[in-house]
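These are my notebook entries on a single structure. I set down what I looked up, topic by topic.

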Amino acid sequence: MEFLKKLMMWLGGLFTLIVILIIFLAAGSSSFKDEQEPFVQQFMADFSERWETQDIYAHLSNEFIEQINTQESKIILAQFKTMGKIKSISDFELGNYNAHTSGTTGEFSFKGTFENGDALINITIKTSDIGVRVVFFRLTPSTPFLDVEPINQKA
């Protein structure tokens, strides 16, 4: 009987720790969303102004810069350019929130209304001692892109 009592106490303590951890992560992700939402909105405004990587270079991670300099990425950027400037953002959500000793990452998903159509946008950002950097960017238009010539630019 004593063993069962101790086991129940350990399980109760473990359950309490799990609840506290969940509350802590929920509060952290909510704070992260509130702090970084203006950055993401400004990033989209700056990037969609001309769809030139030079306009947003300071906000890109090294990994993203390497990826964006490929021929395939240049074709994708040319397709993005057909969307025009962003007019509005709605349904802003945060997912895949992770806090590490090296920084905090989160994936923002939202709907964007552009001059020439609508799209679903996913941006993963990382905050660390060196600032906020975009690690991943995906734009999925509501209608398929047309084939276009690649943009000849380097990040």
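**Entry 1. Charged pairs**

I began with Glu49, which forms a salt bridge with Lys85; the closest N and O atoms are 3.3 Å apart. I note that the model is a predicted one. Glu49 belongs to helix α1 and Lys85 to the loop between α3 and β1, so this pair ties together parts that are 36 residues apart in sequence. I then checked the accessibility of both partners. Glu49 is partly exposed at 44% relative accessibility, and Lys85 is partly exposed at 35%.

I next looked up Asp91 and found a salt bridge with Lys111, with 3.1 Å between the closest N and O atoms. This pair links distant parts of the chain, as Asp91 lies in strand β1 and Lys111 in strand β2, 20 residues apart. Asp91 is partly exposed, with a relative accessibility of 45%; Lys111 is partly exposed as well, at 46%.

A further salt bridge joins Glu37 to Lys33, where the closest N and O atoms are 3.9 Å apart. How many residues separate Glu37 and Lys33 in helix α1? They are four residues apart, which means a separation of about one helical turn. For Lys33 I noted a relative accessible area of 23%, so it counts as partly exposed. I counted five salt bridges in the structure.

I also recorded Lys81, which is located in helix α3 (residues 71–81). Its relative accessible area is 40%, so Lys81 counts as partly exposed. Lys81 and Arg50 are 31 residues apart in sequence, and their C-alpha atoms are 7.1 Å apart in space.

**Entry 2. The sheet**

I traced an open sheet of four strands, in the order β1-β2-β3-β4, with antiparallel pairing. Which strands stand at the edges? They are β1 and β4 (131–141); each has a single partner strand, so one side of each is left without a neighbour in the sheet. On average, neighbouring strands of this sheet are turned by 20° against each other, direction ignored.

Strand β1 (residues 86–100) is joined to strand β2 (residues 103–114) by ten bridges. These two strands form a hairpin with two residues between them, and I found Ala99 opposite Thr104 of β2. Strand β3 (residues 117–128) is likewise joined to β4 by ten bridges, the two running antiparallel. Here Ile121 has Leu139 in β4 as its bridge partner.

**Entry 3. Aromatic rings**

I counted 13 aromatic pairs. The rings of Phe43 and Phe47 have centres 5.7 Å apart and planes at 45°, so I recorded the pair as tilted. Both residues lie in helix α1, four residues apart, about one turn of the helix. Are they buried or exposed? Phe43 is buried at 2% relative accessibility, and Phe47 is buried at 1%.

The rings of Trp51 and Phe114 are also a tilted pair, with centres 6.0 Å apart and planes at 40°. This pair links distant parts of the chain: Trp51 is in the loop between α1 and α2 (62–68) and Phe114 in strand β2, 63 residues apart. Both Trp51 and Phe114 are buried.

**Entry 4. A nonpolar patch**

Lastly, I looked up a nonpolar surface patch of about 900 Å², made by Met1, Phe3, Leu4, Leu7, Met8, Leu11, Leu14 and Ile18. Ile18 lies in helix α1 (residues 2–50) and is partly exposed, with a relative accessible area of 43%.

Notes:
Residues numbered from 1 in each chain as written. Predicted model: local features only at pLDDT ≥ 70, side-chain atom pairs only at ≥ 80, totals over all residues. Heavy atoms only, no water. Pairing = 2+ DSSP bridges. Patch = residues over 30% accessible without salt bridge, like charges linked within 9 Å, V, L, I, M, F, W, Y side chains within 5 Å. Areas by Shrake-Rupley, 256 points an atom, 1.4 Å probe, with all protein chains shown as cover. Salt bridge = Lys/Arg side-chain N within 4 Å of Asp/Glu carboxyl O. Buried < 20%, exposed > 50% of the residue type's maximum accessible area, 1.4 Å probe, protein only. Axes fitted to C-alpha atoms, helices over the stretch in contact; angles between N-to-C directions. Phe/Tyr/Trp six-rings, centres within 6.5 Å; stacked < 30°, edge-to-face > 60°.
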